[in-house]
Amino acid sequence: MERIAIHAGSEIMHPMTEMPALLNIDSRMRWAPIVAMAAIEALFSCIACTADSELGARNSRDAYYNLMVQGWLDGKTSLSLEAPAGLKALPNPYDPNANAPYRGSVFYSPRVHDLSYFEGRLYAYFSPVPAVVAFLPYHLLTGRWLSHQQGCLLFGLVGFLGAVGLVWAVRNRFFRRAGDGSLATVVGALGILSLGPILLQRPDVWEVPVVCAQACWMLTLLSVWWALSSPKPDWPSSLLAGMSASLAAGSRPSSLLCGAILLIPAYLILAMKGDGTKARRIGSMAALVLPPIAVGGALLAFNHARFGEW
(Lines give C-alpha, C1' and ligand atoms only; values in the text may rest on other atoms or scores of the structure.)
Protein backbone atom coordinates (compact mmCIF):
# COMPACT_ATOMS: atom_id res chain seq x y z
CA MET A 1 0.00 0.00 0.00
CA GLU A 2 1.09 3.54 -0.62
CA ARG A 3 1.54 5.24 2.69
CA ILE A 4 2.50 8.64 4.03
CA ALA A 5 5.57 9.11 6.20
CA ILE A 6 5.64 12.00 8.64
CA HIS A 7 9.12 13.23 9.50
CA ALA A 8 9.88 15.93 12.04
CA GLY A 9 11.93 18.70 10.51
CA SER A 10 11.33 17.59 6.93
CA GLU A 11 8.44 17.64 4.51
CA ILE A 12 5.37 16.83 6.56
CA MET A 13 4.04 14.51 3.90
CA HIS A 14 6.40 12.62 1.67
CA PRO A 15 4.76 9.95 -0.49
CA MET A 16 6.50 6.56 -0.23
CA THR A 17 5.45 4.50 -3.20
CA GLU A 18 5.54 0.79 -2.51
CA MET A 19 2.46 -0.17 -4.48
CA PRO A 20 2.98 -3.43 -6.34
CA ALA A 21 2.50 -3.27 -10.08
CA LEU A 22 -0.54 -5.51 -9.90
CA LEU A 23 -2.44 -2.72 -8.09
CA ASN A 24 -1.77 -0.01 -10.68
CA ILE A 25 -4.88 1.86 -11.66
CA ASP A 26 -6.06 1.57 -15.23
CA SER A 27 -6.25 5.06 -16.75
CA ARG A 28 -9.37 4.28 -18.76
CA MET A 29 -12.64 6.03 -18.02
CA ARG A 30 -14.51 4.65 -15.05
CA TRP A 31 -18.15 4.82 -16.01
CA ALA A 32 -19.95 3.72 -12.83
CA PRO A 33 -18.86 6.73 -10.71
CA ILE A 34 -19.50 9.06 -13.66
CA VAL A 35 -23.05 7.74 -14.04
CA ALA A 36 -23.66 8.08 -10.29
CA MET A 37 -22.34 11.64 -10.37
CA ALA A 38 -24.57 12.56 -13.33
CA ALA A 39 -27.59 11.01 -11.58
CA ILE A 40 -27.03 13.11 -8.45
CA GLU A 41 -26.59 16.25 -10.53
CA ALA A 42 -29.87 15.48 -12.29
CA LEU A 43 -31.54 14.87 -8.93
CA PHE A 44 -30.31 18.20 -7.56
CA SER A 45 -31.52 19.97 -10.69
CA CYS A 46 -34.97 18.37 -10.53
CA ILE A 47 -35.41 19.25 -6.86
CA ALA A 48 -34.26 22.85 -7.25
CA CYS A 49 -36.04 23.60 -10.52
CA THR A 50 -39.39 22.20 -9.40
CA ALA A 51 -39.34 23.80 -5.92
CA ASP A 52 -41.17 26.99 -5.08
CA SER A 53 -38.78 29.92 -5.01
CA GLU A 54 -38.73 33.70 -5.32
CA LEU A 55 -42.12 33.73 -3.65
CA GLY A 56 -41.52 37.20 -2.29
CA ALA A 57 -40.41 38.69 -5.61
CA ARG A 58 -42.20 39.22 -8.89
CA ASN A 59 -39.16 38.07 -10.84
CA SER A 60 -35.46 37.36 -10.38
CA ARG A 61 -34.58 41.02 -10.75
CA ASP A 62 -36.53 41.79 -7.57
CA ALA A 63 -34.89 39.03 -5.52
CA TYR A 64 -33.02 40.32 -2.49
CA TYR A 65 -29.53 39.39 -3.70
CA ASN A 66 -30.16 41.08 -7.03
CA LEU A 67 -31.52 44.15 -5.25
CA MET A 68 -28.23 44.18 -3.36
CA VAL A 69 -26.32 44.05 -6.65
CA GLN A 70 -28.47 46.82 -8.14
CA GLY A 71 -27.74 48.98 -5.12
CA TRP A 72 -24.00 48.49 -5.63
CA LEU A 73 -24.28 49.36 -9.31
CA ASP A 74 -26.12 52.56 -8.28
CA GLY A 75 -23.30 53.42 -5.88
CA LYS A 76 -25.22 52.52 -2.72
CA THR A 77 -24.65 50.01 0.05
CA SER A 78 -28.39 49.68 0.63
CA LEU A 79 -30.79 47.65 -1.46
CA SER A 80 -32.32 49.13 -4.58
CA LEU A 81 -35.65 49.10 -2.80
CA GLU A 82 -37.47 52.05 -1.27
CA ALA A 83 -38.71 51.67 2.27
CA PRO A 84 -42.50 52.10 2.56
CA ALA A 85 -43.44 55.70 3.28
CA GLY A 86 -45.63 54.59 6.18
CA LEU A 87 -42.70 52.81 7.76
CA LYS A 88 -40.56 55.93 7.55
CA ALA A 89 -43.32 57.99 9.15
CA LEU A 90 -43.62 55.78 12.25
CA PRO A 91 -42.35 57.31 15.53
CA ASN A 92 -40.66 53.98 16.22
CA PRO A 93 -40.23 51.99 13.00
CA TYR A 94 -38.77 49.08 14.98
CA ASP A 95 -41.98 48.44 16.90
CA PRO A 96 -43.12 45.06 15.50
CA ASN A 97 -46.78 45.83 16.07
CA ALA A 98 -46.57 49.23 14.38
CA ASN A 99 -44.50 48.11 11.39
CA ALA A 100 -46.43 44.88 10.75
CA PRO A 101 -48.66 46.43 8.01
CA TYR A 102 -45.58 47.54 6.07
CA ARG A 103 -43.43 44.41 6.27
CA GLY A 104 -45.60 42.43 3.92
CA SER A 105 -45.97 38.68 3.84
CA VAL A 106 -43.03 36.31 4.06
CA PHE A 107 -43.86 34.60 0.78
CA TYR A 108 -45.78 37.17 -1.23
CA SER A 109 -44.82 40.34 -3.07
CA PRO A 110 -44.36 43.12 -2.18
CA ARG A 111 -42.47 42.48 1.02
CA VAL A 112 -39.69 43.92 3.14
CA HIS A 113 -39.66 40.92 5.44
CA ASP A 114 -36.28 39.83 6.85
CA LEU A 115 -34.54 43.07 5.94
CA SER A 116 -32.73 45.61 8.11
CA TYR A 117 -34.06 49.19 8.31
CA PHE A 118 -31.62 51.97 9.11
CA GLU A 119 -31.97 55.72 8.60
CA GLY A 120 -34.71 55.40 6.00
CA ARG A 121 -33.01 52.68 3.92
CA LEU A 122 -33.35 48.93 3.61
CA TYR A 123 -30.42 46.56 3.88
CA ALA A 124 -30.01 42.81 3.60
CA TYR A 125 -28.41 41.24 6.64
CA PHE A 126 -27.51 38.20 4.57
CA SER A 127 -23.85 37.84 3.64
CA PRO A 128 -22.75 39.78 0.53
CA VAL A 129 -20.30 37.00 -0.42
CA PRO A 130 -22.76 35.11 -2.70
CA ALA A 131 -23.51 38.38 -4.48
CA VAL A 132 -19.81 39.01 -5.06
CA VAL A 133 -18.92 35.52 -6.31
CA ALA A 134 -22.06 34.69 -8.31
CA PHE A 135 -24.90 37.20 -8.64
CA LEU A 136 -22.85 40.24 -9.65
CA PRO A 137 -20.52 38.40 -12.09
CA TYR A 138 -23.49 36.66 -13.70
CA HIS A 139 -25.25 39.96 -14.33
CA LEU A 140 -22.11 41.67 -15.64
CA LEU A 141 -21.37 38.80 -18.03
CA THR A 142 -24.89 38.09 -19.30
CA GLY A 143 -26.97 41.17 -18.56
CA ARG A 144 -29.50 38.86 -16.89
CA TRP A 145 -30.33 38.24 -13.25
CA LEU A 146 -29.45 35.02 -11.46
CA SER A 147 -32.37 33.79 -9.39
CA HIS A 148 -31.99 32.53 -5.85
CA GLN A 149 -33.12 29.19 -7.19
CA GLN A 150 -30.35 29.06 -9.78
CA GLY A 151 -27.81 30.36 -7.29
CA CYS A 152 -28.60 27.62 -4.78
CA LEU A 153 -28.37 24.98 -7.50
CA LEU A 154 -25.05 26.36 -8.73
CA PHE A 155 -23.48 26.36 -5.26
CA GLY A 156 -24.98 22.96 -4.48
CA LEU A 157 -23.44 21.41 -7.58
CA VAL A 158 -20.05 22.99 -6.86
CA GLY A 159 -20.09 21.61 -3.32
CA PHE A 160 -21.11 18.15 -4.50
CA LEU A 161 -18.49 18.03 -7.25
CA GLY A 162 -15.86 19.19 -4.77
CA ALA A 163 -16.78 16.36 -2.40
CA VAL A 164 -16.68 13.85 -5.24
CA GLY A 165 -13.29 15.10 -6.39
CA LEU A 166 -11.87 14.76 -2.88
CA VAL A 167 -13.22 11.24 -2.35
CA TRP A 168 -12.04 10.19 -5.80
CA ALA A 169 -8.52 11.47 -5.11
CA VAL A 170 -8.38 9.73 -1.73
CA ARG A 171 -9.58 6.46 -3.27
CA ASN A 172 -6.99 6.59 -6.05
CA ARG A 173 -4.18 7.19 -3.59
CA PHE A 174 -5.01 5.06 -0.58
CA PHE A 175 -7.78 2.61 -1.51
CA ARG A 176 -6.86 1.39 -4.94
CA ARG A 177 -8.40 -2.00 -4.28
CA ALA A 178 -11.81 -0.35 -3.94
CA GLY A 179 -13.71 -0.94 -7.15
CA ASP A 180 -15.76 1.41 -9.23
CA GLY A 181 -18.95 0.07 -7.67
CA SER A 182 -17.74 1.12 -4.23
CA LEU A 183 -16.77 4.54 -5.49
CA ALA A 184 -20.13 4.96 -7.23
CA THR A 185 -21.89 4.02 -3.98
CA VAL A 186 -19.93 6.66 -2.08
CA VAL A 187 -20.69 9.24 -4.79
CA GLY A 188 -24.39 8.48 -4.45
CA ALA A 189 -24.21 8.76 -0.67
CA LEU A 190 -22.45 12.12 -0.91
CA GLY A 191 -25.41 13.45 -2.86
CA ILE A 192 -28.40 11.73 -1.27
CA LEU A 193 -27.29 11.76 2.37
CA SER A 194 -26.02 15.34 2.37
CA LEU A 195 -28.02 18.46 3.15
CA GLY A 196 -28.15 19.29 -0.56
CA PRO A 197 -31.55 17.74 -1.34
CA ILE A 198 -33.04 19.32 1.79
CA LEU A 199 -31.74 22.83 1.15
CA LEU A 200 -32.77 22.73 -2.50
CA GLN A 201 -36.40 22.06 -1.58
CA ARG A 202 -36.73 25.77 -0.79
CA PRO A 203 -33.95 27.49 -2.76
CA ASP A 204 -34.56 31.05 -1.66
CA VAL A 205 -32.65 33.91 -0.05
CA TRP A 206 -32.20 32.10 3.27
CA GLU A 207 -30.54 29.11 1.67
CA VAL A 208 -28.20 31.02 -0.67
CA PRO A 209 -25.45 31.85 1.88
CA VAL A 210 -25.69 28.39 3.46
CA VAL A 211 -25.13 26.53 0.19
CA CYS A 212 -22.46 29.05 -0.85
CA ALA A 213 -20.54 28.38 2.37
CA GLN A 214 -20.84 24.63 1.84
CA ALA A 215 -19.38 24.92 -1.66
CA CYS A 216 -16.49 27.09 -0.47
CA TRP A 217 -15.63 24.75 2.40
CA MET A 218 -15.48 21.82 -0.01
CA LEU A 219 -13.07 23.79 -2.19
CA THR A 220 -11.05 24.45 0.97
CA LEU A 221 -10.83 20.73 1.71
CA LEU A 222 -9.74 20.06 -1.86
CA SER A 223 -7.01 22.67 -1.65
CA VAL A 224 -5.76 21.29 1.68
CA TRP A 225 -5.63 17.84 0.10
CA TRP A 226 -3.68 19.37 -2.78
CA ALA A 227 -1.15 20.74 -0.31
CA LEU A 228 -0.91 17.42 1.54
CA SER A 229 -0.38 15.53 -1.70
CA SER A 230 2.44 17.78 -2.89
CA PRO A 231 6.08 17.09 -1.92
CA LYS A 232 6.29 20.76 -0.98
CA PRO A 233 3.36 23.15 -0.58
CA ASP A 234 3.29 25.98 -3.09
CA TRP A 235 1.48 29.27 -3.36
CA PRO A 236 -1.40 28.16 -5.67
CA SER A 237 -2.71 25.56 -3.21
CA SER A 238 -2.20 27.99 -0.32
CA LEU A 239 -4.03 30.77 -2.17
CA LEU A 240 -6.98 28.52 -3.00
CA ALA A 241 -7.17 27.30 0.60
CA GLY A 242 -7.01 30.79 2.07
CA MET A 243 -9.48 32.32 -0.36
CA SER A 244 -12.02 29.47 -0.21
CA ALA A 245 -11.99 29.36 3.59
CA SER A 246 -12.33 33.15 3.78
CA LEU A 247 -15.33 33.21 1.45
CA ALA A 248 -16.93 30.29 3.30
CA ALA A 249 -16.60 31.97 6.68
CA GLY A 250 -17.72 35.28 5.19
CA SER A 251 -20.78 33.63 3.69
CA ARG A 252 -21.66 31.77 6.89
CA PRO A 253 -19.92 33.35 9.91
CA SER A 254 -21.18 30.58 12.18
CA SER A 255 -18.74 28.25 10.39
CA LEU A 256 -15.74 30.44 11.24
CA LEU A 257 -14.19 27.84 13.55
CA CYS A 258 -13.85 25.51 10.57
CA GLY A 259 -11.08 27.86 9.45
CA ALA A 260 -8.81 25.97 11.85
CA ILE A 261 -8.23 23.62 8.93
CA LEU A 262 -5.85 26.25 7.54
CA LEU A 263 -3.43 25.25 10.30
CA ILE A 264 -2.62 22.18 8.21
CA PRO A 265 -1.18 23.99 5.18
CA ALA A 266 0.40 26.54 7.54
CA TYR A 267 2.28 23.74 9.32
CA LEU A 268 3.30 22.20 6.00
CA ILE A 269 4.73 25.54 4.89
CA LEU A 270 6.67 26.08 8.10
CA ALA A 271 8.05 22.52 7.97
CA MET A 272 9.56 22.94 4.49
CA LYS A 273 13.31 22.54 4.11
CA GLY A 274 15.79 22.60 1.25
CA ASP A 275 17.29 25.02 -1.24
CA GLY A 276 15.18 28.07 -1.97
CA THR A 277 12.84 27.17 0.87
CA LYS A 278 12.78 30.63 2.46
CA ALA A 279 11.37 32.35 -0.61
CA ARG A 280 8.88 29.53 -1.20
CA ARG A 281 7.84 29.61 2.46
CA ILE A 282 7.25 33.36 2.41
CA GLY A 283 5.28 33.23 -0.83
CA SER A 284 3.13 30.29 0.26
CA MET A 285 2.42 31.74 3.71
CA ALA A 286 1.49 35.11 2.21
CA ALA A 287 -0.88 33.37 -0.23
CA LEU A 288 -2.49 31.55 2.71
CA VAL A 289 -2.79 34.48 5.12
CA LEU A 290 -3.57 37.46 2.89
CA PRO A 291 -7.00 36.27 1.62
CA PRO A 292 -8.52 36.02 5.13
CA ILE A 293 -7.16 39.49 5.93
CA ALA A 294 -8.50 40.92 2.66
CA VAL A 295 -11.92 39.28 2.84
CA GLY A 296 -12.36 40.01 6.54
CA GLY A 297 -11.28 43.62 6.06
CA ALA A 298 -13.63 44.05 3.10
CA LEU A 299 -16.60 42.73 5.10
CA LEU A 300 -15.80 45.02 8.01
CA ALA A 301 -15.47 48.00 5.66
CA PHE A 302 -18.76 47.12 3.98
CA ASN A 303 -20.53 46.94 7.33
CA HIS A 304 -18.99 50.25 8.40
CA ALA A 305 -20.10 51.91 5.17
CA ARG A 306 -23.67 50.77 5.81
CA PHE A 307 -24.10 51.36 9.52
CA GLY A 308 -21.07 53.36 10.65
CA GLU A 309 -19.90 50.48 12.86
CA TRP A 310 -17.35 47.72 12.37
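# A walk through the predicted structure

Let us begin with a pair of charged residues: the side chains of E82 and K88 join in a salt bridge, 3.5 Å from N to O. A salt bridge here is a side-chain nitrogen of Lys or Arg within 4 Å of a carboxyl oxygen of Asp or Glu. This is a predicted model, in which local features need pLDDT of at least 70 and side-chain atom pairs count only at pLDDT 80 or more, while totals for chains, interfaces and linings use all residues. Residues are numbered from 1 along each chain as its sequence is written, and side-chain values use heavy atoms, with hydrogens and water left out.

Another of them joins the side chains of D180 and R171, at 3.8 Å from N to O; R171 counts as buried, at 8% relative accessibility. In the salt bridge of E207 with R202, the closest N and O atoms are 2.8 Å apart. Here E207 is buried at 8% relative accessibility, whereas R202 is partly exposed with a relative accessible area of 35%.

Now turn to helix α5, residues 129-142. Helices (H or I, at least four residues) and strands (E, at least two) are DSSP runs, numbered from the N terminus. Helix α5 has 14 residues and reaches 19 Å from its first C-alpha to its last, close to the 20 Å expected at 1.5 Å a residue. That expected span is 1.5 Å times one less than the number of residues. Along the way, α5 has a kink of about 30° at F135, shortly before the proline P137. The bend at a residue is the angle between axes fitted to the seven residues ending there and the seven starting there.

Which residues of α5 are buried? They are V129, P130, A131, A134, F135, L136 and H139. Their cover includes α2, α6 (148-174), α9 (208-229), α10 (235-251) and α12 (277-307). After α5 comes G143, which has a positive phi near 80°.

A loop residue is the next stop. R61 sits in the loop between α1 (31-50) and α2 (64-73), and R61 is partly exposed, with a relative accessible area of 43%. Leaving aside residues up to four places away in sequence, R61 touches N66, L67, Q70 and W145, where contact means heavy atoms within 4.5 Å. R61 and W145 are 84 residues apart in sequence, yet their C-alpha atoms are 5.7 Å apart in space.

Aromatic rings bring other parts of the chain together. Rings of Phe, Tyr and Trp (its six-membered ring) pair if their centres lie within 6.5 Å; planes under 30 degrees apart count as stacked, over 60 as edge-to-face and the rest as tilted. The count comes to eight aromatic pairs. One of them is the edge-to-face pair of F118 and F307, with 5.5 Å from centre to centre and 85° between the planes. This pair links distant parts of the chain, since F118 lies in strand β3 (residues 116-118) and F307 in helix α12, 189 residues apart. Both residues are partly exposed: F118 has a relative accessible area of 26%, and F307 has 24%.

Why does the pair of Y123 and F307 count as edge-to-face? The ring centres of Y123 and F307 are 5.0 Å apart and the planes stand at 65°, so the pair is edge-to-face. Y123 is in strand β4 (residues 121-123), 184 residues from F307 in helix α12. Y123 is buried, with a relative accessible area of 4%. Together, F118, Y123 and F307 form one aromatic cluster.

How many disulfides does a search of the whole structure find? The search finds zero disulfides, a disulfide being a pair of cysteine sulfur atoms within 2.5 Å. The sulfur of C46 has its closest cysteine sulfur in C49, 7.5 Å away, which is too far for a bond. C152 is in no disulfide either, and its nearest cysteine sulfur, that of C212, is 9.7 Å away. C152 counts as buried, at 0% relative accessibility.

Key: Buried means under 20% relative accessible area, exposed over 50%, partly exposed in between (1.4 Å probe, protein chains only).
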